[in-house]
Amino acid sequence: MKYVTLVALVGLSALSLADAQFIDFESYPTGPIANGYNGWQITNPGWDQGVINTGAISGSQSWHISNAVGSGSYGDQPYTPALTNAVSETGPFQYFEASWKWMPLAGGVSTEGITVSIDNGTGQRGNYIRMENQGGLDTSWSIYAYDYDGTNFYLTYLATNVNAGTVIDMKFDMTFNPGLQNDVWRIWMNSSLVYTGTGWEDFFVDGAGAYGSYPVTYDRLLIRAGGGQAPGAAGMLFDDISYQSLVPEPASLAVLGLGAAVVLRRRR
């Protein structure tokens, strides 16, 4: 079930002082991205990942990754380069926006998938979006969001029966409002708003430090392949990865805070 607020979209005119990263892989050498290259953090050299120059999503090169290799660790997963200015509730950068293109490849196996989440390089991830092959067929890829409502985790399907070879334009933003249960997470697919929810902040409070500190500071993306290993996984391509931290104007924070309140009231 999708929860939609009555909030109007906040434009970039209401934001300032952007700190941004854009990665199109065009200047990258082909093959696995080495740990530390251009700021990437990939401490496990065994991941099935690398820049390819055939069948790219856009331009001449894209990045391929699969979970044909598994790991229970978060720290050795692929992390994108860090922003200079991290986002958090304590500000001043309280707005994070990310977008990318991804395309599942043919020949996938059941349960293989990759998640994208906001992180800080330590594995203290926040909300995530996952693309997963749920039937072992080229037509059975699904995309879903994983959120926390203050008590439980829950998932919301954004798309099902996605065909291998289909390019999906993804975008999400998060506004970090001081206090609990009032952060706002929004997701777009192919330019259409498909989900509005809250953040994982209560999870870190409920964990009493066992899962990380609160409030959390975020400055990059975690592209998680680990967890369950899927031998023979075909994986997917990523391209045009973009993310930035910004300072929202006070009026924008107030409006998005109201939106979070509407979401929580509807759930309860």
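**Overview and selected residues**

Tutor: Of the 268 residues in the protein, 56% count as buried, where buried means under 20% relative accessible area, exposed over 50% and partly exposed in between, with a 1.4 Å probe and protein chains only. This is a predicted model, in which local features need pLDDT of at least 70 and side-chain atom pairs count only at pLDDT 80 or more, while totals for chains, interfaces and linings use all residues. Residues are numbered from 1 along each chain as its sequence is written, and side-chain values use heavy atoms, with hydrogens and water left out.

Student: What does the secondary structure come to?

Tutor: The protein has two helices and 13 strands. These are DSSP runs numbered from the N terminus, with at least four residues for helices (H or I) and at least two for strands (E).

Student: Which residues of the largest nonpolar core touch the most other members?

Tutor: They are Phe96, Trp100, Trp102, Phe172, Ile187 and Phe238, in a core of 55 residues. A nonpolar core is a set of buried Ala, Val, Leu, Ile, Met, Phe, Trp, Tyr and Cys residues joined through side-chain atoms within 4.5 Å.

Student: What is isoleucine 187 in contact with?

Tutor: Beyond its neighbours within four places in sequence, isoleucine 187 is in contact with residues including Ile129, Leu158, Phe172 and Val194. Contact means heavy atoms within 4.5 Å. For the protein, residues 24 or more positions apart account for 69% of the contacts with a separation of 6 or more.

Student: Changing topic, how many salt bridges does a search of the whole structure find?

Tutor: The search finds five, a salt bridge being a side-chain nitrogen of Lys or Arg within 4 Å of a carboxyl oxygen of Asp or Glu. One of them joins the side chains of glutamate 97 and lysine 171, at 3.5 Å from N to O. Glutamate 97 lies in strand E4 (residues 95-104) and lysine 171 in strand E9 (residues 168-175), so this pair ties together parts that are 74 residues apart in sequence.

Student: Are those two buried or exposed?

Tutor: Glutamate 97 counts as buried, at 13% relative accessibility, whereas lysine 171 is partly exposed, at 28%.

Student: Which residue forms a salt bridge with lysine 101?

Tutor: Aspartate 240 does, and the closest N and O atoms are 3.3 Å apart. Because lysine 101 lies in strand E4 and aspartate 240 in strand E13 (residues 236-248), the pair ties together parts that are 139 residues apart in sequence. Lysine 101 is partly exposed, with a relative accessible area of 24%, and aspartate 240 is buried, at 17%.

Student: What about aspartate 219 and arginine 220?

Tutor: Their side chains meet in a salt bridge, at 2.7 Å from N to O. Aspartate 219 is buried, with a relative accessible area of 12%, and arginine 220 counts as buried at 11%.

Student: On to histidine 64. Where is it found?

Tutor: Histidine 64 is in strand E3 (residues 62-65), and with 14% relative accessibility it counts as buried.

Student: What lies 2.9 Å from a polar atom of its side chain?

Tutor: The backbone oxygen of alanine 234 does. Leaving aside neighbours within four places in sequence, residues in contact with histidine 64 include Asp48, Leu105, Ala234 and Met236.

Student: And threonine 122, buried or exposed?

Tutor: Threonine 122 is exposed, with a relative accessible area of 54%. Its place is the loop between strand E5 (113-119) and strand E6 (128-133). The side chain of threonine 122 makes a polar contact of 2.6 Å with the side chain of asparagine 120. A polar contact is a pair of N or O atoms within 3.5 Å; within protein, one must be able to donate a hydrogen and the other to accept it, and residues adjacent in sequence count only if both atoms are side-chain atoms.

Student: Last one: where is glycine 135, and what does it touch?

Tutor: Glycine 135 is in the loop between E6 and strand E7 (141-148), and at 39% relative accessibility it counts as partly exposed. Not counting residues up to four places away in sequence, glycine 135 touches Ser110 and Ser140.
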